[in-house]
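Here's a quick walk through one protein model, written for someone who likes the cut-offs spelled out. Have a look at the structure first, then read on.

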Amino acid sequence: LELAPSFVAGLTMLMRLDLSQNRFTDVPRILCETLPLLEELNMENNLIARVGDHVSQLARLKIFRLGHNKLTEVSEVVGEALTALSDLSVNHNTIGKLPANFSRAAESLTSLDLESNLFPELPPAILSLTVLKTLKLAGNPIAELPLALGTLAFLTEITVPSTDLGSVPRDVVQVGGAAVIRFLCGVAECEGTGLLDLSAMNLHVIPASVRSTATALTMLNLDNNPLQRLP
C-alpha cells in the first residue's frame, strides 16, 4: 500500500491500526482527520522520511511505531502535540538528534526506542523524561553516558552500545542493561547517601567515575568482581 484505503475514514471507533511493511512515505492524512480515538499506530518498515504536522490531530495516540523507515529527524510535532504518547519507537533510521521541545513529553513517555540510529551522544532532552522506564540506545555511536542518567528514578530497562561509555566502563556494559542502570543510579545517589554498591559488575579496575566520589563514600561494596588490586 502507498495510500490508505478510503474506507478507513468510516472506522471512526478504531483504536489500533497496523500499517507496517507497506510503502507509505508519510502518515496518511486521512487517518489523522478521521480517527480521533486512535491510540496505537504501527508504521514500521515503510518509506517514511518525514512525519507531517497533521499527526498533531491524533491527540489520544499512546503508541507510535516508526522503526525501519527513512527518518533523519524526529518531527517537532511529536514533542509538541502528542501529549498522551507513552511509547515511541524510531529505531533503525538515520536520526542524529531529538528536537528541543521533546522534553514536553516528560510527563507521559515511558518507553523510547532509539536503537540503530546516528546519535553521537545521549540527547539532553532524555534527562527530563522523568517517568521513562525503557530506553534503547544500542547501535548508536554514543561515546559516553552521563551519570545524570542515573537520576531517572523509574528507569528499569536500557540497551547501550557494546563499548566503553566514558563514565560507564566496558566491564559494566558487558554485564547488561540492569548493571548499567545500577551503576548509574549508584554513582548518582552516592553523594547523598555515602553508599555505593558495585558488587557483581565484572570490574577489573575501579572506574575513574567512582574514584571521583571517594570523598563522599562511607560504604563501598566491591564483592564478586574480578579485581586484582585496588588503586
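V51, L66, L71, E73, V74, S75, V78, L88 and V90 line the largest cavity. On a 1 Å grid over the protein atoms alone, a cavity is a set of points where a 1.4 Å probe fits but cannot get out, and lining residues have an atom within 4 Å of a point. By type, that lining splits into seven nonpolar residues, one polar and one charged. Here Ala, Val, Leu, Ile, Met, Phe, Trp, Tyr, Cys and Pro count as nonpolar, Asp, Glu, Lys and Arg as charged, and the others, Gly among them, as polar. The space inside is about 30 Å³, and a search of the whole structure turns up one cavity of 30 Å³ or more. Volume means the space filled by probe spheres set on the points, which are joined across faces, edges and corners.

A word on the ground rules: this is a predicted model, where local features need pLDDT of at least 70, side-chain atom pairs count only at pLDDT 80 or more, and totals for chains, interfaces and linings use all residues. Residues are numbered from 1 along each chain as its sequence is written, and side-chain values use heavy atoms, with hydrogens and water left out.

Now the overall layout. Along the sequence they run β-α-β-β-α-β-β-β-β-α-α-β-α-β. The C-alpha atoms fill a box of roughly 70 × 30 × 25 Å along the principal axes.

Which residues touch the most other members of the largest nonpolar core? They are F64, I126 and L145, in a core of 69 residues. Such a core is a set of buried Ala, Val, Leu, Ile, Met, Phe, Trp, Tyr and Cys residues joined through side-chain atoms within 4.5 Å. Helices α1 (29-34), α2 (76-81), α3 (170-175) and α4 (177-193) each supply at least two of its residues, and α4 gives the largest share, eight residues. Leaving out residues up to four places away in sequence, F64 touches V27, L41, M43, V55, L82, L85, D87, L88 and S89 (contact means heavy atoms within 4.5 Å).

What about disulfides? The search finds zero (the cut-off is a pair of cysteine sulfur atoms within 2.5 Å). The sulfur of C190 is 13 Å from the closest cysteine sulfur, in C185, so a bond is out of reach.

L195 sits in strand β8 (residues 195-197). Beyond its neighbours within four places, L195 contacts G186, C190, T218 and M219. L195 and L220 are 25 residues apart in sequence but 6.2 Å apart in space, C-alpha to C-alpha.

| Residue | Relative accessible area | State |
|---|---|---|
| C32 | 3% | buried |
| C190 | 0% | buried |
| L195 | 44% | partly exposed |
| Q21 | 64% | exposed |
| H68 | 34% | partly exposed |

Q21, in the loop between β1 (16-18) and α1, has a positive phi near 55 degrees without being a glycine. H68, in the loop between β3 (63-65) and α2, also has a positive phi, about 55 degrees, and is not a glycine.

Notes:
Buried < 20%, exposed > 50% of the residue type's maximum accessible area, 1.4 Å probe, protein only. Helix = DSSP H or I, 4+ residues; strand = E, 2+ residues; numbered from the N terminus. 1 Å grid on protein atoms, 1.4 Å probe; cavity = no way out; pocket = protein on both sides within 12 Å on 5 of 7 lines; lining within 4 Å.
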